[in-house]
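Subject: Structure handover

Hello,

Here is the structure for your files. My notes on its contents follow below it.

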Amino acid sequence: MVSIDEAHTLLDEIAQELPEEFWQELNGGVSLLPDRKRSPVAQGDDLYVLGEYLIDSMLGRYINIYYGSFERMYGDCSPRAMKRHLRKVLFHEFTHHIESLAGERGLEIKDEEQIRAYLDSHAHNDEDEA
């Protein structure tokens, strides 16, 4: 299991890979939080929020990465595998940031489609069990 301190080091290494321009207007930066955040649409113990891009009128633009969610989903993986998972999520959240600055919503729409597919798959499973 990768500790939160090790995950923080990995996340810092990944963040250094990003061009300086990506950080424009991300005034709240990136935070690694200890929380485990279950998705509000989860139909079971199978959907957790790994990261979020947030815009707040007081706090500005920032990214939260949830170590507890990573621990729940990938707790048994190696540091190398954890770094791959962290990179994927951090780059995903940075894509939201860049799109937001450009007035685009492509990834947001894709995320919504994935949630609909998840909910549909659970609705079909519930129908099969009835």
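Contact here means heavy atoms within 4.5 Å. This is a predicted model, in which local features need pLDDT of at least 70 and side-chain atom pairs count only at pLDDT 80 or more, while totals for chains, interfaces and linings use all residues. Residues are numbered from 1 along each chain as its sequence is written, and side-chain values use heavy atoms, with hydrogens and water left out.

Core

Leaving aside residues up to four places away in sequence, F70 touches L50, I65, G75, M82, H85, L86 and V89. F70 counts as buried at 1% relative accessibility; buried means under 20% relative accessible area, exposed over 50%, and partly exposed in between (1.4 Å probe, protein chains only). A nonpolar core is a set of buried Ala, Val, Leu, Ile, Met, Phe, Trp, Tyr and Cys residues joined through side-chain atoms within 4.5 Å. The largest such core has 22 residues, and those touching the most other members are I63, I65, F70, M82, L86 and L90. Two or more residues come from each of α1, β5 (60-66), α2 and α3, with α3 giving the most, six. Helices (H or I, at least four residues) and strands (E, at least two) are DSSP runs, numbered from the N terminus.

Helix α3

α3 has 24 residues and reaches 34 Å from its first C-alpha to its last, close to the 34 Å expected at 1.5 Å a residue. The expected span is 1.5 Å times one less than the number of residues. Its buried residues include M82, L86, V89, L90 and F94, but also K83, E93 and E99. Just after α3, G103 takes a positive phi of about 75°.

Aromatic pairs

Rings of Phe, Tyr and Trp (its six-membered ring) pair if their centres lie within 6.5 Å; planes under 30 degrees apart count as stacked, over 60 as edge-to-face and the rest as tilted. The count comes to three aromatic pairs. The ring centres of F22 and F94 are 6.4 Å apart and the planes are at 40°, so this pair is tilted. F22 lies in the loop between α1 (4-15) and β1 (30-33) and F94 in helix α3 (residues 79-102), so the pair ties together parts that are 72 residues apart in sequence. F22 is partly exposed at 31% relative accessibility, whereas F94 is buried at 1%. F70 and Y74 form a tilted pair, 6.0 Å centre to centre with 45° between the planes. These two residues are four apart in helix α2 (residues 67-74), about one helical turn. Y74 is partly exposed at 26%. F22, W23 and F94 form one aromatic cluster.

Salt bridges

A salt bridge is a side-chain nitrogen of Lys or Arg within 4 Å of a carboxyl oxygen of Asp or Glu. The count comes to seven salt bridges. E25 pairs with R61, the closest N and O atoms being 3.9 Å apart. E25 is in the loop between α1 and β1 and R61 in strand β5, 36 residues apart. E25 is partly exposed at 46% relative accessibility, and R61 is buried at 18%. R72 forms a salt bridge with D45, with the closest N and O atoms 2.6 Å apart. R72 is in helix α2 and D45 in the loop between β2 (37-38) and β3 (48-49), 27 residues apart. R105, E108 and E112 are linked in a network of salt bridges; between E112 and R105 the closest N and O atoms are 3.2 Å apart.

Regards
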